[in-house]
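Below is a short report on one model.

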Amino acid sequence: MIDAHLHLWELTPGAYSWLGPQHGALFRTYTAEEAESVLAASGVPGVGVKGAVLVQADDTLADTEAMLAVADSNPWVLGVVGWIPLERPADAETQLARFTAHPRFRGVRHLVHNDPRDNFLDLAPVRDSLRLLATQGLAFDVPDAFPRHLGATVRLARDLPELTVVLDHLGKPPLGAGTEPMARWRTDFRALAEQPNTVAKLSGLHLPGVPYTAAALRPLWEEALEAFGPERLMIGGDWPVCTLGAPYERTIGALLELLGELADAERQQVLEGTAARVYGLEG
């Protein structure tokens with residue numbers, strides 16, 4: 001499998017402003033060496049992790065530069081989803097020209113859930129920058145979209161059909177929050193899936209009040225499979241964030257238990273085919 005969602009960070013003054021002592025075990029440096037060890041010793045029977053896609057964890061150029069430097073010396077890093085200043089199209093174009101010179105720069109993400117504006121994805125300068133991404137064949141990841149940004153993600157995908165939009169963590173469905181919030185999430189989730197230029201990640205599903213087991217996650221799995229199909233789903237461990245809920249091997253193991261119900265060809269799409277296609281990892 002390809003792990004389509006993995007983070008690294010080095011705590012330095014001013015970096016990762018969202019991360020603090022309140023995050024417990026996450027409030028430390030996580031290195032490429034540690035990540036490689038975790039992937040190699042995942043302990044998932046019958047499945048080897050051939051590599052991973054590093055995904056930005058800070059809206060800074062420095063975070064992206066650090067990931068690309070890691071990719072230079074670590075063949076298991078198959079791709080990098082970085083950050084550019086989407087609100088400043090001229091600067092975004094300059095940074096894209098620099099970053100796309102690196103063969104493993106394969107997408108962009110912005111921490112929309114940390115932005116106080118509900119309309120970030122609707123802003124005209126942001127849309128201009130995202131059109132630049134599309135011309136470069138790069139994907140755009142949207143994290144933790146529900147409830148504030150999932151509707152905006154639908155509008156984005158509908159208005160920019162040339163852009164591949166990746167919904168991280170299934171948009172963070174409110175599985176343990178009651179019937180009404182889940183119904184709202186399902187409506188937007190289905191609307192997004194109706195756009196052919198969208199895919200979703202089975203990742204980051206350690207949800208408040210929900211036990212992390214295949215049985216508990218089954219409603220989300222069935223919804224995602226019916227809406228997107230295996231050819232538009234990809235698996236990700238969300239390490240090290242996942243460790244707040246379960247070790248890496250159990251995080252992946254619960255998802256693999258659900259994937260075991262698919263035919264071999266369909267399962268392989270979720271395990272690696274979708275990620276390889278969306279992020280251009282075939283080479």
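In what order do the strands of the open sheet run? The order is β1-β2-β3-β4-β5-β6-β7-β8, with 8 strands in parallel pairing.

## Basis of the model

This is a predicted model, in which local features need pLDDT of at least 70 and side-chain atom pairs count only at pLDDT 80 or more, while totals for chains, interfaces and linings use all residues. Residues are numbered from 1 along each chain as its sequence is written, and side-chain values use heavy atoms, with hydrogens and water left out.

Helices (H or I, at least four residues) and strands (E, at least two) are DSSP runs, numbered from the N terminus. Two strands pair if DSSP finds at least two bridges between them. Axes are lines fitted to C-alpha atoms, for helices over the stretch in contact. Angles run from 0 to 180 degrees between N-to-C directions.

## The sheet

The sheet is open, and its strands pair in parallel. Its edge strands are β1 (2–6) and β8 (233–235), each pairing on one side only. From one strand to the next, the twist averages 25°. Helix α7 packs on this sheet and touches β7 (198–202) and β8. The direction of α7 makes about 160° with that of β7. Contact here means heavy atoms within 4.5 Å.

## Strands in detail

Buried means under 20% relative accessible area, exposed over 50%, and partly exposed in between (1.4 Å probe, protein chains only). β1 pairs with strand β2 (residues 51–55) in the parallel sense, over 3 bridges. In that pairing, Ile2 stands opposite Gly51 in β2.

Strand β4 (residues 105–109) pairs with β5 in the parallel sense, also over 3 bridges. Gly107 stands opposite Ala139 in β5, and Val108 stands opposite Phe140. In a regular strand the side chains alternate between the two faces of the sheet. Strand β5 (residues 139–142) is covered on both faces. Ala139 and Asp141 are buried on one side, Phe140 and Val142 on the other.

## Helix α3 and its partners

Two packed helices are described by the angle between their axes and the distance between the axes. The axes of α3 (residues 89–99) and α4 (residues 124–135) come within 9 Å and cross at roughly 20°. That makes α3 roughly parallel to α4; the term covers angles under 35 degrees, with over 145 roughly antiparallel, 65 to 115 roughly perpendicular and the rest oblique. From α3, Pro89, Ala92, Glu93 and Leu96 meet Pro125, Asp128, Ser129, Leu132 and Leu133 of α4. By class, the contact has 6 nonpolar, 1 polar and 2 charged residues. Ala, Val, Leu, Ile, Met, Phe, Trp, Tyr, Cys and Pro count as nonpolar, Asp, Glu, Lys and Arg as charged, and the others, Gly among them, as polar.

Helix α2 (residues 61–73) packs with α3 at about 10°, with axes 12 Å apart. That makes α2 roughly parallel to α3. Leu61, Thr64, Glu65 and Leu68 of α2 make the contact with Gln95, Arg98 and Phe99 of α3. These residues divide into 3 nonpolar, 2 polar and 2 charged.

## Helices α6 and α7

Helix α6 (residues 179–193) and α7 pack at about 25°, with their axes 9 Å apart. They are therefore roughly parallel to each other. The crossing of α6 and α7 is right-handed. Met182, Trp185, Arg186, Phe189, Arg190, Leu192 and Ala193 of α6 meet Leu220, Glu223, Ala224, Glu226, Ala227 and Phe228 of α7. By class, this contact has 9 nonpolar, no polar and 4 charged residues.

## Two residues

Leaving aside neighbours within four places in sequence, Thr64 is in contact with Gly82, Trp83, Phe99 and Phe105.

Pro219 lies in helix α7 (residues 214–228). Pro219 is partly exposed, with a relative accessible area of 42%. Pro219 and Leu175 are 44 residues apart in sequence. In space they are 8.6 Å apart, C-alpha to C-alpha.

Notes. A crossing is left-handed if the near helix is turned anticlockwise from the far one by less than a right angle, and right-handed if clockwise.
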